[in-house]
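These are my notebook entries on a structure I looked through. I wrote them in the order in which I looked things up.

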Amino acid sequence: MAKSVIITCAATGGIHTPTMSPYLPITPQEIATAAIEAAEAGASIIHLHARDPETGKPDPRPETFMQFLPVIKQSTNAVVNISTGGGLGMTIDERLAAATTAKPEMASLNMGSMNFGIFPLLEKHSEWKHDWEPEFLEMTKDFIFPNTFKSIEYVLRELGETHGTKFEFECYDLGHLYNLAWFVDKGLVKPPFFIQMIYGILGGVGADMDNLMHMHTIAQKLFGDSYEWSVLAAGRNQMPFATQAGMMGGNVRVGLEDSLYIGKGELAKSNAEQVTKIKRILEDLSYTIATPDEARERLALKGGDMVGF
Ligand code: KMH
Ligand code: ZN
């Protein structure tokens with residue numbers, strides 16, 4: 001009996017900027033609505049960033065997160081997963097502030113330093129709603145997204161050991177799997193753990209199915225059956241890669257953090273639209289979709305009532 005597929009939805013992220021889509025959730029109310037609708041559409045885990053309500057700029061402030069976290073908790077049974085990636089350029093303490101305040105069941109944890117090039121998105125617009133948008137995108141041409149062994153261990157201890165938060169280990173390249181294996185070998189990461197394999201970010205591994213197959217093969221060699229894996233791909237590769245992962249016994253991530261589109265040249269009008277689409281594809285292929293409580297059981301999460309919001 002094939003395992004059910006856990007759908008994660010990443011509602012807004014810190015990559016896309018307001019000019020790129022009128023449907024990108026910005027305010028706490030928009031983020032809450034997007035998360036609730038995504039959960040109602042079938043997402044069991046909601047991955048969340050916050051944004052400055054006025055400018056749409058990635059916002060690390062716990063008080064901004066706290067304007068939508070309780071609303072989501074009251075309205076859904078979904079697992080809340082708070083980003084520790086934050087926005088490019090934030091310090092590690094800025095990146096951790098919301099999660100150490102909210103003590104969520106899950107948080108993302110990026111498993112290696114890397115170039116994180118989103119400057120090609122500059123070519124898509126000649127005018128911007130906010131001055132910070134082109135400046136932010138241009139900055140990524142000369143920016144390294146820092147995730148050292150020291151900072152990764154800091155997050156594991158400050159959030160994992162202290163608050164019982166489990167992680168979506170974000171692996172953008174093959175080497176990130178070996179970094180994770182080092183932490184597993186040191187006993188700092190214990191099974192069952194959740195690996196998010198990420199394709200198509202400029203600076204990480206490319207969105208080539210051979211890379212998905214190979215990273216899955218290496219993960220099997222490194223970790224055996226002690227982990228759950230999921231796949232996200234940026235942009236137009238989002239649905240094909242999620243479908244492929246689902247068919248291989250993996251889990252999937254969609255959401256406007258990773259792609260603004262629902263089809264070729266067509267902006268998604270909501271996160272729920274993408275959740276509905278991948279759910280329909282997988283169910284049409286006779287797969288079942290995991291509930292939040294199934295996800296909690298498989299990932300050994302602490303429970304929705306053990307959080308700080
Ligand atoms: N926005 C980038 C820092 C995470 O959520 O942990 C990638 C990111 C990863 O959002
Ligand atoms: Zn994120």
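**Entry 1: K57.** I found K57 in the loop between β2 and α2 (62-65). Helices here are DSSP runs of H or I with at least four residues, strands are runs of E with at least two, and both are numbered from the N terminus. K57 is partly exposed, with a relative accessible area of 41%. I noted the cut-offs: buried is under 20% relative accessible area, exposed is over 50%, and partly exposed is in between, with a 1.4 Å probe and protein chains only. I then looked up the distance from K57 to H130, which is 73 residues away along the chain, and their C-alpha atoms are separated by 9.1 Å.

**Entry 2: what kind of model this is.** The model is predicted, so local features need pLDDT of at least 70 and side-chain atom pairs count only at pLDDT 80 or more, while totals for chains, interfaces and linings use all residues. Residues are numbered from 1 along each chain as its sequence is written, chains are lettered from A and ligands numbered from 1 in the order in which they are written, and side-chain values use heavy atoms, with hydrogens and water left out.

**Entry 3: ligand 1.** Which residues are closest to ligand 1? I listed H49, S83, S108, N110 and E257, out of 14 residues that surround ligand 1. A residue counts as near if one of its heavy atoms lies within 4 Å of the molecule. The shell around ligand 1 divides into five nonpolar, seven polar and two charged residues. In this grouping Ala, Val, Leu, Ile, Met, Phe, Trp, Tyr, Cys and Pro are nonpolar, Asp, Glu, Lys and Arg are charged, and the others, Gly among them, are polar.

I looked up single atom pairs next. A polar side-chain atom of N110 lies 2.9 Å from an oxygen atom of ligand 1. A backbone N or O atom of G85 is 3.2 Å from an oxygen atom of ligand 1, and a polar backbone atom of G86 is 3.4 Å from a nitrogen atom of ligand 1. The protein covers 99% of the 300 Å² of accessible area that ligand 1 has on its own. Accessible areas come from the Shrake-Rupley method with a 1.4 Å probe, and for residues only the protein chains shown count as cover.

**Entry 4: H47.** Is H47 buried or exposed? H47 is buried, with a relative accessible area of 0%, and its place is in strand β2 (residues 45-48). The side chains of H47 and N81 are joined by a polar contact of 3.0 Å. A polar contact is a pair of N or O atoms within 3.5 Å; within protein, one must be able to donate a hydrogen and the other to accept it, and residues adjacent in sequence count only if both atoms are side-chain atoms.

Entry 5: I looked for a cis peptide bond and wrote down the one from P191 to P192, with omega near -10°. P192 is in the loop between α7 (174-185) and β8 (193-199).

Which residues did I note with a positive phi although they are not glycine? K103 has a phi of about 50°, and S286 has a phi near 70°. K103 lies in the loop between α4 (92-102) and β4 (106-110) and is partly exposed at 29% relative accessible area. S286 is in the loop between α10 (271-284) and α11 (292-299) and is exposed, with 65%.

**Entry 6: distances along the chain and in space.** S151 lies in helix α6 (residues 149-163) and counts as buried at 15% relative accessibility. S151 and I92 are 59 residues apart in sequence and 7.3 Å apart in space, C-alpha to C-alpha.

K186 is in the loop between α7 and β8 and counts as exposed at 53%.

F143 sits in the loop between α5 (132-139) and β6 (144-145). F143 is buried, with a relative accessible area of 15%. F143 and P191 are 48 residues apart in sequence and 33 Å apart in space, C-alpha to C-alpha.
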